[in-house]
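Work through the following exercises with the sequence and the structure side by side, and try each task before you read its solution.

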Amino acid sequence: MWDGERVRRDEAVSVDILELTDSAEESSSGSMDEQKGACENGRTMGHSDVVQRARDAFEAGRTRSIDFREKQLKQLLRMYEENTTEMIEALAKDLRKSKQEAVLFEIQFLINETKNTLFNLHEWTKPEKPPKSLVNAMDGVLIYNDPYGVVLIIGAWNYPLQLTLLPVSGAIAAGNCVIIKPSEIATASAELMAKLVPKYLDQECFHVVLGGVPETTALLKEQFDYIFYTGSTTVGKIVRAAANEHLTPVTLEMGGKSPVYIDNTVDMEITAKRIIWGKCANAGQTCIAPDYILCSKEVQNDFVEKAKTTLKEFYGENIKNSPDLCRIISDRHYQRLVAFLNNGRIAVGGETDPSERFIAPTILVDVKPTDPVMQEEVFGPILPIVNVDNAFDAIRFIKSREHPLSMYVFSKDKSIQNLLVSQLRCGSLCVNDTLMQFGVDTLPFGGVGHSGMGAYHGVHTFNTFTHKKSCLVKDFNPIAEKLVSNRYPPYSEKKMNIVEFLMRKRKGVKLGCLPYVIVFALGFAAAYAVSAVIKASEHNGDPAI
């Protein structure tokens with residue numbers, strides 16, 4: 001995810017960079033002067049006060065009960081359902097986002113994630129019972145899902161509601177207190193979250209902190225139990241360095257250049273629609289948007305012609321007048337993108353308007369791998385094409401670069417699909433479509449290498465904010481004690497062999513019912529012994545017992 005609004009790409013990454021000033025944030029340093037920090041009852045709280053208040057609530061056990069978590073999740077769902085219109089309006093102010101994109105890409109995502117979490121809350125929070133070996137046959141072997149404590153969630157500006165609030169449901173379900181830091185770039189969305197969260201959620205446990213680089217810098221100096229960051233790789237390194245000061249675990253949801261490979265077996269009309277839709281959604285300001293295409297010259301020519309038709313179908317003859325195309329978030333980001341139009345040759349699009357920060361969907365051909373547009377994530381409606389002869393060339397090209405957040409393969413040939421899937425490392429992969437993998441909540445979403453670490457969505461969000469606490473429970477059962485008493489000194493060859501036998505791994509053997517089998521066997525043996533004693537007594541003429 002490109003986030004040059006926060007830190008320039010060429011800044012060295014060190015903990016010292018956390019001492020950022022307003023000059024590093026020209027475009028937004030004064031955007032929230034009246035609302036910086038967390039506001040409670042009309043007064044602004046300091047960052048240390050906010051974190052301490054949340055920590056006090058956590059240590060008091062406020063978030064521990066499943067009933068509390070369920071109530072907060074229901075309140076979160078109410079917040080989305082009762083404020084849909086306000087959310088649509090905020091997204092329109094920030095990005096001129098259409099109603100359909102606002103609902104489908106942000107609001108409905110949040111509603112579905114929260115509902116899914118509510119549906120599965122009791123199942124997810126139950127202690128897990130993993131398999132056990134013979135040596136622990138009569139013991140309790142459990143994994144408890146413990147909350148980390150106070151977590152910090154730093155959101156992004158491109159999908160300001162979804163990317164900020166989606167992790168919150170999992171954090172609540174896991175029993176954490178949450179400090180939410182929205183992006184200062186998407187001002188309207190940030191202010192809306194600051195207004196709604198304290199209205200619907202517990203004010204001791206959940207807080208929104210507004211502001212820019214200085215406020216984020218101050219927050220990162222506090223000690224958190226987990227940090228979840230969405231943004232650029234450059235800033236992600238800074239967040240990681242700050243977390244290392246306290247050995248705080250992190251999830252970094254970042255980005256990169258997500259490639260598209262197209263071969264000559266595809267249905268090009270459908271392919272063009274799916275790629276153009278994925279590239280133009282949110283005006284290309286999507287961390288998993290198709291970043292560039294790898295294909296042959298022949299495939300390129302066919303794609304360009306079909307793309308022209310697709311763009312007219314999607315946005316009409318005058319694209320600028322379409323209500324369905326977003327605008328670029330800021331002047332600085334706009335100027336960065338316009339400079340890319342000098343790379344290669346414009347085959348489609350190229351129109352711009354600085355007064356609206358409008359850039360028409362643009363396809364660049366004759367692009368060289370060394371061109372500036374190929375050196376960083378585009379993060380806009382510009383799609384460069386680099387020519388390769390075949391899938392093997394595409395694999396070599398992609399492997400020469402950092403691992404992307406996503407990758408797209410368009411081919412009817414199963415062997416080509418399998419080749420790219422097996423040979424390339426990326427956060428996620430989608431075959432014959434774009435973006436759609438993000439919407440499958442049973443799939444973990446996250447990057448690898450420079451595109452991120454950790455993953456979320458569905459149960460994976462819950463797991464992200466959960467510490468898996470292992471627990472072995474023993475009692476004083478004499479039979480169990482007899483089984484493991486061979487561990488005690490004095491040691492001998494016989495004792496070692498017995499313990500080794502008990503510890504040995506056995507394929508396909510499940511011991512979950514073994515304690516019941518042992519009890520049944522002991523009961524059967526006892527009954528048999530009593531029966532034998534009675535028969536012996538009768539045989540000897542002794543009186544019955």
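**Exercise 1.** In which strand is Glu253 found?

Solution. In this predicted model, Glu253 is found in strand E8, which covers residues 250-253. The next step is to look at its surroundings: leaving aside residues up to four places away in sequence, Glu253 touches several residues, among them Phe228, Tyr229, Gly446 and Tyr456. Finally, its relative accessible area is 2%, and because buried means under 20%, Glu253 counts as buried.

**Exercise 2.** Find where Cys287 lies, and decide whether Cys287 is buried or exposed.

Solution. Cys287 lies in the loop between helix H9 (268-280) and strand E10 (292-295). With a relative accessible area of 7%, Cys287 is buried.

**Exercise 3.** Where does UniProt place the feature "active site"?

Solution. The unreviewed UniProt entry places this feature at Glu253 and Cys287.

**Exercise 4.** Describe how helix H4 (residues 99-125) and helix H5 (residues 162-173) are placed relative to each other.

Solution. Two packed helices are described by the angle and the distance between their axes. Here the axes of H4 and H5 come within 9 Å and cross at roughly 10°. Since angles under 35 degrees count as roughly parallel, H4 is roughly parallel to H5. The residues making the contact include Phe105, Phe109 and Leu121 of H4, together with Leu165, Leu166 and Ala173 of H5. Sorted by class, the contact has seven nonpolar, five polar and two charged residues.

Note on methods. Residues are numbered from 1 along each chain as its sequence is written. This is a predicted model: local features need pLDDT of at least 70, side-chain atom pairs count only at pLDDT 80 or more; totals for chains, interfaces and linings use all residues. Side-chain values use heavy atoms; hydrogens and water are left out. UniProt positions are given in the numbering used here, feature names are shortened, and annotations may be inferred rather than shown by experiment. Helices (H or I, at least four residues) and strands (E, at least two) are DSSP runs, numbered from the N terminus. Buried means under 20% relative accessible area, exposed over 50%, partly exposed in between (1.4 Å probe, protein chains only). Contact means heavy atoms within 4.5 Å. Axes are lines fitted to C-alpha atoms, for helices over the stretch in contact, and angles run from 0 to 180 degrees between N-to-C directions. Angles under 35 degrees count as roughly parallel, over 145 as roughly antiparallel, 65 to 115 as roughly perpendicular and the rest as oblique. Ala, Val, Leu, Ile, Met, Phe, Trp, Tyr, Cys and Pro count as nonpolar, Asp, Glu, Lys and Arg as charged, and the others, Gly among them, as polar.
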